[in-house]
Amino acid sequence: MSFDDFKEGLGALLEPSAVRPTDFGKRGYSLQVTAKRDQVEPIARVAREADLFLEAMTAVDFADAFQVIYLYNAFGAGSRVRVRVAVKKGESLPTVSTVYDAALWHEREVFDLFGIPFDNHPDLRRLLLPEDADFHPLRKDFGKVHGVRSTDEIYGEPTA
Amino acid sequence: MASQLPEPIVEQTYYLNMGPQHPSTHGVLRLFLKLDGEYIIEADPIVGYGHRGHEKMAESHLYEQFLPNTSRMDYLSGLLFNHGYVAAVEKMTGIEVPPRAEYIRIVCAELNRISSHLLWFGTYIMDLGGFTPFLYAFDDREIILDILDRITGSRLTYSYCRFGGVAKDVDDEFIRATREFIGRLRSRWEDYHNLVTKNVIFIHRTKGVGVINRETAIRFGCTGPVLRGAGVAYDIRRAEPYSVYPELEFEIPTGAAGDAFDRYMVRFQEMEQSLRIIEQALERLPEGPIRGRAPRKVRPPKGDFYFAVESARGAVGFYIVSDGTGYPYRLKVRSPSLSNLQVLTETLSGTLVADTISILGSVDIVVPEIDR
C-alpha cells in the first residue's frame, strides 16, 4: 500500500475540488484536503489502509470557526497530507481514535487547549493542563494576542 | 477448634503512583498503574507538570524572540529543535543560508545528537542498576558539551542558529577538538559493548521486553529509534532531505523485533553514523560567510507551513500559520516524545512492574518536550 493508493481512496471519497496538490518544497506537505465534518473518520480509514500514520493533530482559532488540522504522513519522500476541517464554535467533531490510537492523546490535547469536544472519545480528559482548569488557553480570547483573523484571510478559500 | 490456617489471600487490584518525583521517570512524569499483583493491568501516563505554554507564548512574540524557547522544549537536543524552527522560518520566508553555515549546523546538530544519546545510555543503564557505564558516558558527553560551549556559549540550552546562518563562526580549535573526540569515542565502543551490550543481566532485562512492533508504532504515530527499532527505515534526514544531508553518506540503522534491546542497538549505531556525518562535514567544510541576507524583521507570507527535522528522539515538526505579520498566528510543535510515550499505555499492560523502568527508559522520553 502506498501514497498513491491513499490519493485514489481520497478521490473516491471527496469531490475533486476538495483535494489540491501543493508544492512540498515550499509548504512542507504535498496534498491539502478540505474535509467536511462527517468525512473526517472515512479519511482516517483510507489513510490507515494505505499505511499512513497520524503525525500530528492541532487546531487554529479563527474569528468565524476553529480549523482542526490533521497531518498524515507515509514512510516515503514528500508524502505529507494536511487535512483541514472547520468546526463552528460550540460544535463537536467525530473522533478518529477508533482508527488511530495516536488520536486518543492528540484529541485530548486539542480539547484541552481549544475546548473542542470529540464525539465518542473514550477518555476525553485534559492532557496538559490541570483537571480543574476552567479555560482553554490557545483560544484567541485568552491572554495576549495580536489580532484575530478569519479563515479566508489565511487559507484564501471560503470555509467549507 | 479454630483453624490455624492463615486467612485466604484477598485478591484485589492495587493502584500505584510512580512519579512525578521518581528518578527513573526522567523529569516530572507520573505513571498511574493499575496492578494485579506484580503485573500491570493498565498504565496511564500523566503529563503536563512542566507545561509552560510555549505555543501560546509564540503568538505574542516576534519570530526572532521565540528562538530561545525552542531549545528549552527538549533540553537534551536543543540544537536540533533550534535548527528545526530556524529552517522552518527560512523556508517560509525564502531566506538563503550560506553553505558554510549549513555545514556548521550539521556538525553541531550531530554532536548534540550524540550527547543526547550518551546521556540516555548512561541513565538507562543506571536505571537498570549499573552505575559504572553512567560515569563513562558522562565523561564522553562532557567533551561534547565543552566543544559546544566554546562555540555556542551554552552547555544545554543553545540558541545558536540564526535566520540565515549561525551566531558565531567555528575556528581551527573547534575542528581539532571535534576530530580528536571522534577518535576517542570510536575507541570507546569496545568498552561500552564489553561493559553493557554483552552483559547477561542487561540482555535479560532488555531482550524480548517492551516489544513495539511495526503495526503498533504506526497506530500510535511513533518515530525515531522506537520506529526504527521495529524495522522501519524511516528517518526525516533521508525521507525529507534538508540542509546538506543529501550530500553526506550515512545509513539508517534498524532493528527487527522492536524490543528494548533493539532500540538500544539502534541508538548505538546511530551514534556511529553521526560520527561518520561529522567527519564528512568537517572534511567538506567550505570557506565563506556564516550569515546570509536575512531581513531585520522576519515577515513570512500568509499561509500555513510544516517543516520537520529528525531530533534524537524522532520527527520534530513545526506547523506554523502565518498571517503576514512578524508574529506567528499559530505555532504548533509536533514533539516525538508525545507519541512515543503514548504507546506505553498499550505496551506496559501485561508486563511486570520491574520491567516498567526498562521499557520507559528504552523509549527515551524528555518530558518538557511533551508538556511544551
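This is a predicted model: local features need pLDDT of at least 70, side-chain atom pairs count only at pLDDT 80 or more; totals for chains, interfaces and linings use all residues.
Two residues count as in contact here when their C-beta atoms, placed from the backbone, lie within 7 Å.

View 1. Residues are numbered from 1 along each chain as its sequence is written, with chains lettered from A and ligands numbered from 1 in the order in which they are written. For chain B the mean pLDDT is 88, and 98% of its residues reach 70 or more. The complex gets an ipTM of 0.89 and a pTM of 0.88 from the predictor.

**View 2. How chain B is put together.** DSSP runs (H or I, at least four residues, for helices; E, at least two, for strands; numbered from the N terminus) come to 15 helices and eight strands. In chain B, 71% of the contacts with a separation of 6 or more join residues 24 or more positions apart. Its C-alpha atoms fill a box of roughly 95 × 50 × 35 Å along the principal axes.

**View 3. The side of chain B that touches chain A.** Here 36 residues of chain B meet 33 residues of chain A. Elements of chain B giving two or more residues are helices H1 (54-59), H8 (214-220) and H12 (336-342), plus strands S6 (303-310), S7 (315-322) and S8 (328-334). S6(B) gives the most, with five residues.

Definitions and conventions
pLDDT is the predictor's confidence in each residue, from 0 to 100.
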